[in-house]
Amino acid sequence: MERIGDKVISRAEITDAASATFADSTVIPDRYARSDEVRDGVVVGSDESYELPVVDMARLLHPEFSEAEIAKLGSACRDWGFFQLTNHGVDETVVQDMKDNTLQFFGLPLEKKKAVAIQANGFEGFGHHYNRASSEKLDWAESLILVTQQHEQRNNEFWPADPSTFRVALDKYSVEMSNLTSRLTVFMASDLGVEQEALMATFQGKTQSVAFHYYPPCRHPDKVIGITPHHDGLGLTLLLHVDDTPGLQVRKNGRWYPLNPLPGALVINVGDILQILTNGTYKSAEHRVLPDVEKGRATVVMFQNACVAGIVKPLPELGEATYKAIDHVEYVKGNFRALAEGTRFVDSLKIM
């Protein structure tokens, strides 16, 4: 159940109302109207030259260029917390199948999508709206969230059976993202000056989840937000653009920098747990999504969890800890509370 104004309504009702709203965005209902939030911070315009980091996996793997590319990777994680990864080596067929199934799912009639609807007080399923507990406002998006790893943690009742190839496509894509995470952590470890196994072990065998998002076009993009500004709370995030529609913006020094998707690239960003693991060396960046006026935007976002033997804490190789150690289960609880309140749990763990 959700509270909208003085009325408590079900998530299903919200989803039904949202579907009608997205279909005709001429008038923006009050629950979606967020002009003040859209204007919070200056958006860097097309007339100003800037370049978000791009890291080339082929160069990371090449003996001649690896050192320089690792330096670029490290700089991106320190200064931005975001980069686009080209030549990532993920099976192209697996990627295309995931894209096709994502579009087919969001293209289904609402009643079919509701077959995997989120349940009361649940986490997985279709129909999420990322409104904070302290706000009545909703995001301009449809979402499907699933746990993908480990296998025994999967709730198959929420994995769509329509389209018929969705489950197989996601299973293969999940494995590819796990493997890519392992490859990336090798180079991150080299940049940080720690043993490769030390950083890799923090991710291996940990929970992986995925969020499928669809942001319908909006005739008044200056009035709505696709996803509320936030920092990712887990370890590493790997985002696949299903199409070439822009919308993602990264905040740095109080300004929003639009990210223009590069063909074939993945977007990688540092999560709060990786910031802690690296003792604050890598930075988790705030980001948001604004919808496009003409085109819808779909993404597949993988979240890789991490911890050190069940504890979220800095790697000991990185010197005196600047964050308190906390049990991973307690970290997740605290992070969800802070997210609902619009704060950052990681800030509360900082050793002053």
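## An exposed asparagine

Asparagine 253 is exposed, at a relative accessible area of 72% (buried is under 20% relative accessible area, exposed over 50%, partly exposed in between, with a 1.4 Å probe and protein chains only). Asparagine 253 sits in the loop between β11 (248–252) and β12 (255–258). The phi of asparagine 253 is positive, about 55°, although the residue is not a glycine.

The model is predicted: local features need pLDDT of at least 70, side-chain atom pairs count only at pLDDT 80 or more, and totals for chains, interfaces and linings use all residues. Residues are numbered from 1 along each chain as its sequence is written, and side-chain values use heavy atoms, with hydrogens and water left out.

## A buried asparagine

Asparagine 279 also has a positive phi, about 60°, and is not a glycine. Asparagine 279 lies in the loop between α9 (272–277) and β14 (287–289). With a relative accessible area of 12%, asparagine 279 is buried.

## Overall fold

The protein has eleven helices and 17 strands. Both are DSSP runs numbered from the N terminus: helices are H or I with at least four residues, strands are E with at least two. The radius of gyration is 20 Å, close to the 20 Å that the globule rule gives for 352 residues, so the protein is as compact as a globular protein of that length. That radius is taken over C-alpha atoms, and the rule is 2.2 Å times the number of residues to the power 0.38.

The C-alpha trace spans about 55 × 45 × 45 Å along its principal axes. Of the 352 residues, 53% are buried. Among contacts (heavy atoms within 4.5 Å) with a separation of 6 or more, 76% join residues 24 or more positions apart.

## Helix α5 against α7

Two packed helices are described by the angle between their axes and the distance between the axes. Axes are lines fitted to C-alpha atoms, for helices over the stretch in contact, and angles run from 0 to 180 degrees between N-to-C directions. Helix α5 (residues 92–106) packs on helix α7 (residues 166–192) at about 135°, with the axes 9 Å apart. The pair is therefore oblique (under 35 degrees is roughly parallel, over 145 roughly antiparallel, 65 to 115 roughly perpendicular, the rest oblique). The crossing of α5 past α7 is left-handed. That term applies if the near helix is turned anticlockwise from the far one by less than a right angle; clockwise is right-handed.

On the α5 side, the contact uses Val94, Val95, Asp97, Met98, Asn101 and Phe105; on the α7 side, Phe166, Ala169, Leu170, Lys172, Tyr173 and Glu176. These residues comprise eight nonpolar, one polar and three charged. Ala, Val, Leu, Ile, Met, Phe, Trp, Tyr, Cys and Pro count as nonpolar, Asp, Glu, Lys and Arg as charged, and the others, Gly among them, as polar.

## Methionine 98

Methionine 98 belongs to helix α5. Its relative accessibility is 0%, so methionine 98 counts as buried. Leaving out residues up to four places away in sequence, methionine 98 touches Phe166, Ala169, Leu170, Tyr173, Phe212 and Val300. Leucine 259 is 161 residues from methionine 98 along the chain; their C-alpha atoms are separated by 22 Å.

## Two further partners of α7

Helix α8 (residues 196–203) packs on α7 at about 140°, with an axis separation of 8 Å. These helices are therefore oblique to each other. The crossing of α7 past α8 is right-handed. From α7, Thr181, Ser182, Thr185, Val186, Met188, Ala189, Ser190 and Leu192 meet Gln196, Leu199, Met200 and Phe203 of α8. By class, this contact has seven nonpolar, five polar and no charged residues.

Helix α4 (residues 66–79) crosses α7 at roughly 85°, and the axes come within 9 Å. That makes α4 roughly perpendicular to α7. Ser66, Ile70, Leu73, Gly74, Cys77 and Arg78 of α4 meet Phe187, Met188, Ser190, Asp191 and Leu192 of α7. The classes here are six nonpolar, three polar and two charged.

Glutamine 149 and glutamine 150 are joined by a cis peptide bond, with omega about -5°. Glutamine 150 lies in the loop between β7 (142–149) and α7. The bond from aspartate 162 to proline 163 is cis too, with omega near 5°. Proline 163 is in the loop between β7 and α7.
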